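Colleague: Got the model open. Can you walk me through a few spots?

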Amino acid sequence: MMRNVTVATTQMACGWDIQQNIATATELVTKAAKAGANIILLQELFETPYFCQVHDFDYFTLATAVEDNAAINHFKQLAKELEVVLPISFYEKSGNTFFNSVTVIDADGEILGTYRKTHIPDGIPYAEKFYFTPGDTGFKVWQTKYAKIGVGICWDQWFPECARSMALMGAEILFYPTAIGDEPTLDIDSKGHWQRCMQGHAAANLMPVVAANRIGTETITQNGNDSVMAFYGSSFITDGRGEIIQEASKDKEEILSTTFDLDQLAIERQQWGVFRDRRPSMYGTLLTHG
């Protein structure tokens, strides 16, 4: 038996022209689809620069409801036209609450649902708690036309509980749209650590991980002061054992794609027995004291 699916990840630079960002993303999605990709990942909050570098109430006006979001409405049509699955990251407004969210569009252009980012960072220049309420959806997986997928969002990718939860819910591939680069308060290059965390999720759960990051240097000005952040790209795809099999550059707009046999991956998960041998009853005390 073979059940092949081709996944793709992308990376691009973003400016303040939302329609241009959507057009660039459209070009990447279209190229990936024409090359055979079935599920295509775009980066986190690609409609605009990463405004979370600073605290500024004006940026709350960027948030929209799912049904009003320009990118979602555009990519619903494109997904149907190209017959591809698209997780779309956006700044969501729901009533008086604001979330960092992903809406998953199936290959027929229909929305399968929305996941709201569970883990929200708070630091310089990732001041997301100012803009986003922690998600209330819980972790989610979706049965798309091509595979059952789980989607986390950026900071979620540092938490093994997120990946394991999606795996236990039946995910076959994990996707992480991301915006990460400079770490001025830590004075480190986090790229290797960032990748290894997700490689660990792939290895521990025996399923591929697909990550999309942005590129370019972005300057956000507030009260005459500039916050400057350089994003390091390096979007990647792992196999089911955690090895990176495709990796993009740090600074170029790119598309990566890989084909997986989902039935073979399922056999390997059964053979390793890690889900069989879990001991949830032994973890409860540790979790309650976390």
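Modeller: First, a term: a polar contact is a pair of N or O atoms within 3.5 Å; within protein, one must be able to donate a hydrogen and the other to accept it, and residues adjacent in sequence count only if both atoms are side-chain atoms. This is a predicted model, where local features need pLDDT of at least 70, side-chain atom pairs count only at pLDDT 80 or more, and totals for chains, interfaces and linings use all residues. Numbering runs from 1 along each chain as its sequence is written, and side-chain values use heavy atoms, with hydrogens and water left out.

Colleague: What lies 3.0 Å from a polar side-chain atom of Asn213?

Modeller: The backbone nitrogen of Ile180.

Colleague: Is Asn213 buried or exposed?

Modeller: Asn213 counts as buried because its relative accessibility is 0%. Buried means under 20% relative accessible area, exposed over 50%, partly exposed in between (1.4 Å probe, protein chains only).

Colleague: Switching to helices. How do the axes of H1 and H2 cross?

Modeller: At roughly 20°, with the axes of H1 (residues 18-34) and H2 (residues 70-82) coming within 11 Å. Axes are lines fitted to C-alpha atoms, for helices over the stretch in contact, and angles run from 0 to 180 degrees between N-to-C directions. Helices (H or I, at least four residues) and strands (E, at least two) are DSSP runs, numbered from the N terminus.

Colleague: And H5, which residues are buried there?

Modeller: Leu262, Asp263, Leu265, Glu268 and Arg269, in a helix spanning residues 262-272.

Colleague: What happens at its ends?

Modeller: At the start of H5, a side-chain oxygen of Asp261 reaches to within 3.0 Å of the backbone nitrogen of Asp263. Just after H5, Gly273 has a positive phi of about 75°.
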